[in-house]
Amino acid sequence: MIIKQDLHIHTHCSCDSASLHIPEIVQHCQNLGFEHFGISDHLHTAFNMPDIEIANREFNAFGHVKGFHFGIEVTCATKWECEMIAKREYASCFVCNVLGKPFQTMTPIDGIMYGGPAGGPLQIDLTRDDIERLGIEYVIAGVHKPDYSEHNFKAVLEDWYSQLCYLANHELVDIIAHPWEGLPFWSGDCIVNRSSPQDFGLYLQIPQEYWDTLGELMVKNGKLAEFNPCIILAERIPEVIRFKIIEKMAGWKEQGVKFTFGSDSHREYKEDHILKCDEILSKFGFTENDFGLPEALKNK
Ligand SMILES: [Zn+2]
Ligand SMILES: [Zn+2]
């Protein structure tokens, strides 16, 4: 195995569909012989902080396990959104017009997804005080939604790129989660028409310059790039496209980027999927030396 870690695992405390409990997570990771593994529930905004606090209590109550860590997965949100959450101004969450259809969410559980100003400023809703108070050992950061850009490829591509650059420059971030994931989904009307086909070929239209700049930023700022089965193993994405994405990430390796592996497990921990990822990454020339650890996990 070249993969010796799984730093991205959701517990039942996560605000989404996750349902794993700590004892089963530890068991699976020990079965796979991981040297480091950790839980990392979603914090889209501070609205989700109670989830993180419960996960933290469960983590502490479980007791010390060598190599088992407490992390978090934050979303690139906006300053506007974080301020609205702090003021409990949720009105824009309930019903709004998206691509000509009413779109409804009952709570801002995923952040305030519509109604804000496009073009930033961006923000993650986590502070250094939160990190110290909860003993958060590492921060995974991901792009999970457009920050108020239109749902077409051109706009979403620019939005994703600016969010990824923001995260790669953020002092609290250690790992860039699933780079570019979600680009095809949000470049169309899938949010209101779940059956709409996604054009996964859009992943291949990301300009090389964007890959290169992100690689440079990650090296300069000491950020790690995550390999995540949601792209490299997703059956719905044609293999040829998945492999091209891995080739692009192999290009980052040439730039000096180090990687992490995160299964992003939610409902079920699939050990066989991790073995499959290991096989694929080995085939693309990755070795265990290409993987790194967040600063706080070194020498632990
Ligand atoms: Zn994510
Ligand atoms: Zn995740």
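**Exercise 1.** In this predicted model, work out which unit strand 1, helix 1 and strand 2 make, and its handedness.

*Solution.* Start with the pairing: strand 1 (residues 5-9) and strand 2 run parallel and are joined by three bridges. For a landmark, find Asp6, which stands opposite Phe37 of strand 2.

**Exercise 2.** Follow the chain onward from strand 2 to strand 3 and find the handedness of the crossover.

*Solution.* Look at the strands again: strand 2 pairs with strand 3 (residues 68-75) in the parallel sense, over seven bridges. Here Ile39 has Phe70 of strand 3 as its bridge partner. Then trace the path between them: the chain passes through helix 2 (residues 49-62), giving a right-handed β-α-β crossover. As for strand 2 itself (residues 36-43), eight of its eight residues are buried.

**Exercise 3.** Decide where the buried residues of helix 2 lie around its axis.

*Solution.* List them to begin with: Asp51, Ile52, Ala55 and Phe59 are the buried residues of helix 2. Next, look down the helix axis: these residues fall within an arc of 95°, so they line one face of helix 2. Turn to the other side, where Pro50, Arg57, Asn60 and Ala61 are exposed. Finally, ask what covers the buried residues of helix 2: the cover includes helix 1, strand 2, strand 3 and helix 5 (128-134).

Key
Residues numbered from 1 in each chain as written. Chains lettered and ligands numbered in written order. Predicted model: local features only at pLDDT ≥ 70, side-chain atom pairs only at ≥ 80, totals over all residues. Buried ≥ 20, exposed ≤ 12 C-beta atoms within 10 Å, placed from the backbone. Helix = DSSP H or I, 4+ residues; strand = E, 2+ residues; numbered from the N terminus. Pairing = 2+ DSSP bridges. Right-handed = clockwise from strand over helix to strand, strands pointing away. Arc of directions from axis to C-beta. Contact = placed C-beta atoms within 7 Å.
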